[in-house]
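Morning, everyone. Please bring up the model and keep it open while I talk.

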Amino acid sequence: MEMINAIGRRKAAIARVYLTKGEGKIVVNGKDYKEYFPQRHIQANLVVPFQTVEIDNIYDIKVNVCGGGYKGQAEAIRMAVSRALVKMNEEFRKPLKSQKFLTRDARVVERKKYGKPKARKSFQFSKR
């Protein structure tokens, strides 16, 4: 099996994932994923696509991720891993799609409008 690559996006984060045959190592920006993402609930986001399709410790993942915060980066990686698994085996599409791992979450921060301190917040209204 050759290398399979995929891209995932969430908010301002972009993740490029490279999937190869191996023993289940996940490397994010040159570090182990447990070192890069210290929170356990964020670490779980990265391995949940493998648990969904019930294949563990078969593939090595190398990830380049940039932009956004740690939560957006983790969800971008989750989407990219799911896309790579579908490229590898089309039968994985149905369980991953039912978990909504293949759907791009398009919610982003609303832009600031002129005449307002934030996107929707207004200055205090004075009647007189």
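First, the ground rules. This is a predicted model, where local features need pLDDT of at least 70, side-chain atom pairs count only at pLDDT 80 or more, and totals for chains, interfaces and linings use all residues. Residues are numbered from 1 along each chain as its sequence is written, and side-chain values use heavy atoms, with hydrogens and water left out.

Start with the sheet. Helices (H or I, at least four residues) and strands (E, at least two) are DSSP runs, numbered from the N terminus. Two strands pair if DSSP finds at least two bridges between them. Here 5 strands make an open sheet. Their order is S1-S2-S5-S3-S4, with mixed pairing. Strands S1 (4-10) and S4 (31-32) are at the edges with a single partner strand each, so one side of each has no neighbour in the sheet. Look at S1 and S2 (residues 13-21): they pair in the antiparallel sense over 7 bridges. Alanine 6 is opposite valine 17 in S2.

Now the helices. Axes are lines fitted to C-alpha atoms, for helices over the stretch in contact (heavy atoms within 4.5 Å). Angles run from 0 to 180 degrees between N-to-C directions. Helix H2 (residues 40-52) lies across S2, S3 (26-28) and S5 (59-66). H2 runs at about 145 degrees to S3. Helix H3 (residues 70-88) lies across S1, S2, S3 and S5. H3 runs at about 145 degrees to S1.

Next, the rings. Rings of Phe, Tyr and Trp (its six-membered ring) pair if their centres lie within 6.5 Å; planes under 30 degrees apart count as stacked, over 60 as edge-to-face and the rest as tilted. The count is 1 aromatic pair. Tyrosine 36 and phenylalanine 37 have ring centres 4.9 Å apart and planes at 85 degrees, so this pair is edge-to-face. Are these residues buried or exposed? Buried means under 20% relative accessible area, exposed over 50%, partly exposed in between (1.4 Å probe, protein chains only). Phenylalanine 37 is buried, at 0%. Tyrosine 36 is partly exposed, at 23%.

On to charge. A salt bridge is a side-chain nitrogen of Lys or Arg within 4 Å of a carboxyl oxygen of Asp or Glu. The count is 7 salt bridges. One of them joins arginine 10 and glutamate 75 at 2.8 Å, N to O. That pair links distant parts of the chain: arginine 10 is in S1, glutamate 75 is in H3, and they are 65 residues apart. Both are buried, with glutamate 75 at 14% relative accessibility.

Glutamate 75 has another salt bridge, to lysine 71, with the closest N and O atoms 3.4 Å apart. Both residues lie in H3, 4 residues apart, about one turn of the helix. Lysine 71 is partly exposed, at 45%.

Then there is arginine 107, which meets aspartate 105 in a salt bridge at 2.8 Å, N to O. Arginine 107 is exposed, at 57%. Aspartate 105 is partly exposed, at 23%. Arg10, Lys71, Glu75, Asp105 and Arg107 are linked in a network of salt bridges.

Last stop: arginine 78, in H3. Which side chain of opposite charge is nearest to arginine 78? Counting Lys and Arg as positive and Asp and Glu as negative, with His and the chain ends not counted, the nearest is glutamate 75, 4.5 Å away. Arginine 78 is buried yet has no salt bridge. Leaving aside neighbours within four places in sequence, arginine 78 is in contact with Asn45, Val48, Pro49 and Phe101.
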